[in-house]
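Please look over the sequence and the model shown here before reading the report that follows.

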Amino acid sequence: MLKRPILIILLGYITGIIIGLYCKNSMALFVVIAVLLYIILKDYTLKVKRYYKVFCLKKAVIVFIISMVISNVITIKQNYSYENKYKNIGEAEFIAIIESAPKLKKYYTQYKIKIESINKDKIYNNTSLYLNLKGNLNIKYGTIISFRGEFIAPEVQRNFKGFNYKEYLKSIGIYGTIKADNVKEIGTKDLGIIKKLANNASIKIKETIKEHLQNEDNRNLLLGILIGDDNELSKSVKEDFQNSSLSHILAVSGMHVSFVIMFVTVALSKLNSPKKISRTICISFLVFFIFLTGETPSVKRACIMAILQLVAQLIYRKSDTITNLSVSLLLILIANPFSIMDISLILSFSATCGIIFFYDTIFTFVNRKINSNSNKVITKVNEIVSISISAQILIFPLSMILFNTISLTFLFSNLLISTFIGLIIILGFISIIIPQEFLFKILEILLNILLKTADMFSKISISHISVITPSLSTVFSYYLIIFVFTYLHLTRKKAVKRQIEKKILTIVDKFKSLIWIYKKMLIIILIIILSLIQLIKLIPHDLKIHFIDVGQGDACLIVTPKNKTILIDGGGSKNNEEFDVGKSTLFPYLLDRKITKIDYMMISHFDVDHCQALLYVLERMKVENIIIGKQFEICENYKEFVRLAKNKKITIHMVEAEQKINIEKDISFNILWPNSEEIVRDNSINNNSLVCKLIYKNFSMLFTGDIEEIAEKKILQEYNNTNILKSTILKVAHHGSKSSSQEEFIKEVQPQIALIRGGKKQ
């Protein structure tokens, strides 16, 4: 019998999903081939048969393969549905059911809807979409609506390692978004008693909190803590919690569930309820709590694990934490295999695994060092510290990959808030059930302290240190080191050491003769691989030019053969003040490219959509040189750049026509514009843009900023019939605007490729 069959099934299921997602291959063919090979080799030789049977007849391997094939087929089938079901849907007639409370956005109200039919076609039923409606509407949960709208396919990843909205929507079971101006309510539908009660309870909680808490940040923070609804929490507060490593407070998880169980258990014990009935009610309440908190992966994981533990107590069986964790993740992935890409699921399960595997070791180690057995307060502090460190061990590289940050203050921030976060949760639920003004006044004080704590730690620079995205080999090495240290710790216990060594020796004994047969072949393959790696290293790098999607704006990163970095413009946002292109797009992109220093930052001109994002990079990354064209109009963006450069002691090189910038051997920039003798006073910021030509061996590229027809004519007067403008690639001026790129100018440049940078639908 397998010791933990669910764990084996889970590992197989995850492997099948990953192969389906990233390899796009079906494992069914692999199994057919394996069976055919077994039949062919069955009577070939007794030796081959013996080793093949050792491999194939292991129960764990068989269970693993079956689970892998099932999940692989499901993943490929569902992925095909996501890719093709709404492929040709544009504007259409929809009938759908509202299955969420409204989320108020800046320009629209968003609902999650379940489709009944599109253009009377039932093939789309039971698929979920987001509905964006103009205005602040309040359509009730379970309402059947009819409307005409336009389906919008979700955006895919547009930058290297950038955010993929389509994959995110898959992870939460959403096919896309519909935009509509108005809807018609045509009836109601019962979506289930538990969902209905949970929705009503959620509305009641929000109304109660809104009625009794005066401060808006406190209201929204309490909603986030109690039911994980942080949709209306301000961006600045969310950033404070993220930067201070306290984001987990806003994601309902194990800590919240433990308080819920304690609250229900204590309440029922006061009513002298028998233990079996109390545990059964607890299970029912936890199922209800999953729907109340929006069915997020973290709360599903915590509730399922708690339910399994309670069930074990009901049937007098020993609860196994690893099995419980495996069951919870398996159920989530069966419901939606794309949940494996959900960041909250990844972090929640990683933190839980860290606590399971490392908590006892760390607690014992710290306890031994400080000898805290006689002091309950120190023991409690040790528990909190050990939990925080245990969770961070597995999360640490994930934070670097997902957020490009690490924190050196997470222990202190978590230790501080742990003293009163439990009180906030308990008082919060009591206040909702029995609203009392004095309880809400206490909550106001505690929430203010929590907000100030998050704000204080977010301002400490070492709370959120920016780091480059680590490579997969680095992450693998990190986890391998953790595994080795864990193994070394386990082998200190003689009984465990003997068990591990016995298993290893048994496996080696079974396969040692087979290994000996292929020993020479393995050595030859290893030598070939190492030789190829060395040969690849000897191949010289070439010039790399990356155009970065920054929406309506320009941004270009150049990496030279000797790894010097040149950043030309950075984009910016003119109309959306809530979105910082530098923070959310450009800076993460540079970190994903493993860039920590900019050798040359070149700014074509100081329009927002060319320079705003560079301000963020300039503040947070080392910049050696700033190159700008001679300025004929001083604007606020220019003043800000000068101020930042002065503070960071960076030299600004102001250039003009006929100057040359040598980067390294075979690489230089020829400055062609502006010319101090030919000042363009009409729209001077655009028309005096820095125009430069990158030259690399036989390749050249012309960067033109936002010059318009008047500047193009003056440049032509200067360089006409000289071949100086002739370039392999032309970065088309002013985002392809009709005010630029006159026919005479294009003919003089003679580009093989012309690139236009612009935002979507611009």
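## Disulfides

The structure holds 0 disulfides, a disulfide being a pair of cysteine sulfur atoms within 2.5 Å. Cysteine 692 counts as buried because its relative accessibility is 3%, where buried means under 20% relative accessible area, exposed over 50% and partly exposed in between, with a 1.4 Å probe and protein chains only.

## Basis of the values

This is a predicted model, in which local features need pLDDT of at least 70 and side-chain atom pairs count only at pLDDT 80 or more, whereas totals for chains, interfaces and linings use all residues. Residues are numbered from 1 along each chain as its sequence is written, and side-chain values use heavy atoms, with hydrogens and water left out.

Helices here are DSSP runs (H or I, at least four residues), numbered from the N terminus.

Beyond its neighbours within four places in sequence, isoleucine 225 is in contact (heavy atoms within 4.5 Å) with Ile249, Leu250, Val252, His256, Ile421, Ile424, Ile425, Leu447 and Leu450.

## Helix H12 and its surroundings

Helix H1 (residues 5-23) packs with helix H12 (residues 321-335) at an angle of about 35 degrees, and their axes are 9 Å apart; axes are lines fitted to C-alpha atoms, for helices over the stretch in contact, and angles run from 0 to 180 degrees between N-to-C directions. Residues of H1 including Ile6, Leu10 and Ile17 take part in the contact, as do residues of H12 including Ile322, Leu329 and Ile334.

Leucine 325 is also found in helix H12 and is buried, with a relative accessible area of 8%. The C-alpha atoms of leucine 325 and methionine 305 are separated by 6.1 Å, although the two are 20 residues apart along the chain. Not counting residues up to four places away in sequence, leucine 325 touches Arg301, Met305, Phe349, Thr352, Cys353 and Ile356.

Terms used
Helices (H or I, at least four residues) and strands (E, at least two) are DSSP runs, numbered from the N terminus.
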